[in-house]
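Here are my notebook entries from a browse through this model.

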Amino acid sequence: MLASKRPASLPSDTSRVKRLRPNDKVASRRKTRLVEKTDDPTGSDSNNSSFEQDLAEEDDDEPSLATDQGRSSGPPVTKNPHAAQRQITHQRRAAKPHSALLANAKNTWSRARQKTISKEERALHITSLMEIVRGMIQDIVFKHDASRIVQTIVKRGNQQQRDEVATELRGRFKELVENKYSKFLVAKLAQFCPSHRLSMIMEFRSHVIRLLLHREASQIIADFYDLYTNATERAILLRDFYGREVALLPLPRKSEDAKMDGHGGLSVVLQEASEDQRRRILASLSENLNLMFNNSDKGPVRHAIVHRALWEYLSAIANSDDRECEKTFREIFESCKDLLAEMVHTKDGSRVVREFLARGTAKDRKHIVKVLKPHIETMAKDEEAQYVLFTAFDVIDDTKLIAKYILPSITQNAKSLQLNAAGRRTLLYPLVPRDRRYYTPSMIARISETDSLRAHTSKKSSDVRATEICSAASSELLSWVVRDGAEVSRETGGSLVITEIMLEAHGDKEAAMEALLIPLGTAYPSDGVPHPIALPHTSRLYKVLLQGGHFSHATNAVVRRPNFNPSAFATAFLRHVKPADITAMAHGGGGFVVAALLECVVVDGTAEECSRLNECVSGLKDDEEQSIRGWAALLEGMRLLGSKAVGVT
């Protein structure tokens, strides 16, 4: 029952006072104080104090919220609200299940996870922690704090403790992977408990499709497939895509090979299936793939397991008759054509996109290029995605499309791409496609996988296409050499890119030559910053340019490139480099450069150039310089130069 209110006493100079609402009290007090002070010329505050006292008494008589609600119990009223809130929180936590166990475990956990303690001390804390949670892991692991405690045991404990945790959680892994806290524990167990991986995967079996569409479980299943499984375990996960007939009831096996054991890929499953079963399996696979594509906002399209299932599907339909193959290919392409940018970063995903490029029509290829355009620079630096760009260069007949949508993202970012090995390969492919100097045999074999399809779907000659692409890329690349060539050529990878641009690019290269030769005008050897000739990779760049091409071990001779004029480069070299510096280079680390200069001048140089160069190297004839790098090449060059001088005379 509410307490009755005592009416507030009136101030001495006021006959009537309006009842105050709770929200008006403070404002009214301020107003009253102002009126009282204004009315009292003597400055006395007796009336004001009396009124404030009455108001305070009225406030004390106001019923509290607890009284209004009839609460007879609760935390004691305190002047410190934070202390009261902490007390409420403590009481709430104490009322939860396993509160005492978790409090004890957290105390030990805080010591076990310290980075400054010794290995032996941490092992003792982990053992104590294991004693606390043993037998209760299934009950507490779904809580955010307890899950981290168990993760610490798995990460820092010994193998016996890890296996004990995995054994105690057996039968709950599917439930664990769907929880936003305990899913990280499953990932840790997959990493540190290889003997339990198969049992975990078997619990996921027949639920893989749903888990891939689950917000929490999707990434963990993808990590299982990518990081922690062998070929057999990956095949088990993939079987859910083939339908329940295969996932739950493996088909009869003709082979008794223990490695297969019913867990082979789609090709093995189809070999053992009848025609009706084959049709049902491919229909289930197509349905599950479309389910992934239709729920792309949940992220399954990015996962390698989906890319593998899609590649297996494309490989399977390629073995059907032409009409059925074309129809099925068209259906699957239409369902995922806007999602291809999310597939290029994995091996199977890259292969899928390359297959679409090779099999598709000109309209399909244009659509794919437009989808990939915002991601070209990132793809150029990726080890797998770059193969998509290589295939685009190989199969797309519309080189203007390539010049508009693909090449600008590569050539305009050449300075950043040359810092990365994959980026350098992408930069070089329009200039020297499939060159064994930059692409290994295994890379060339992967690039060649679409050659058989290209013969049926592309009309333009490969040589014509390559020439047009090189020409389209040349202008921007040569401009980049003019801007940054002197700086980039001092880097190991950058010097390779600059060399090929100079040898293979189409167009006027005079400005690029000047940009590369200006740094050679400094004295050799230089103090402080190394002279370009003192850097082995930069010295090799100048040697190759003076030769006009690379040395071929097959022909045992230099193969000169038709798009570069070494004699013009040699003339510019003699114009920028002082004779004394040429002599110093011959005595120092530039012996091969001077030898290449000698050979170039002997073949294409003028009499004046021969005379000038002869003066630079004449001092070497009487020296015993066998210790000079490139001494044999220098001797041969001087012999040729001397023979030409005699002939001119």
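**Entry 1: α5 and α6.** I started with this pair, and α5 and α6 are roughly antiparallel to each other, a label for angles over 145 degrees, with under 35 counted as roughly parallel, 65 to 115 as roughly perpendicular and the rest as oblique. The axes of α5 (residues 99–112) and α6 (residues 119–133) cross at roughly 165 degrees and come within 9 Å. I note that axes are lines fitted to C-alpha atoms, for helices over the stretch in contact, and that angles run from 0 to 180 degrees between N-to-C directions. The helices themselves are DSSP runs (H or I, at least four residues), numbered from the N terminus.

α5 passes α6 in a left-handed crossing, meaning that the near helix is turned anticlockwise from the far one by less than a right angle. From α5, the contact takes in L101, N104, A105, T108, W109, R111 and A112, and from α6 it takes in R122, H125, I126, S128, L129, I132 and V133. Contact here means heavy atoms within 4.5 Å. Sorted by class, I find eight nonpolar, four polar and two charged residues in the contact of α5 with α6. In this sorting, Ala, Val, Leu, Ile, Met, Phe, Trp, Tyr, Cys and Pro count as nonpolar, Asp, Glu, Lys and Arg as charged, and the others, Gly among them, as polar.

**Entry 2: a note on the model.** This is a predicted model, in which local features need pLDDT of at least 70 and side-chain atom pairs count only at pLDDT 80 or more, while totals for chains, interfaces and linings use all residues. Residues are numbered from 1 along each chain as its sequence is written, and side-chain values use heavy atoms, with hydrogens and water left out.

**Entry 3: α31 and α32.** Next I looked up α31 (residues 462–488) and α32 (residues 492–504), whose axes come within 9 Å and cross at roughly 135 degrees. α31 and α32 are therefore oblique to each other. Their crossing is left-handed. On the α31 side I listed C470, L477, L478, W480, V481, G485 and V488, which meet G494, S495, V497, I498, I501, M502 and E504 of α32. The contact of α31 with α32 has 10 nonpolar, three polar and one charged residues.

Entry 4: V186, L189, A190 and Q191 of α11 meet R197, M200 and F204 of α12. I also checked S206, in the loop between α12 and α13 (208–212). Its phi is near 75 degrees, a positive value in a residue other than glycine.

Entry 5: I wrote down the lining as L357, V369, L372, I376, V388, L389, A392 and I406. α24 gives the most, with three residues. The lining has eight nonpolar, no polar and no charged residues.

**Entry 6: a cis bond.** Last, I found that the peptide bond from Y524 to P525 is cis, with omega near -10 degrees. P525 lies in the loop between α33 (510–517) and α34 (536–547).

How values were computed
On a 1 Å grid over the protein atoms alone, a cavity is a set of points where a 1.4 Å probe fits but cannot get out, and a pocket is an open set with protein on both sides within 12 Å along at least five of seven lines; lining residues have an atom within 4 Å of a point. Helices (H or I, at least four residues) and strands (E, at least two) are DSSP runs, numbered from the N terminus.
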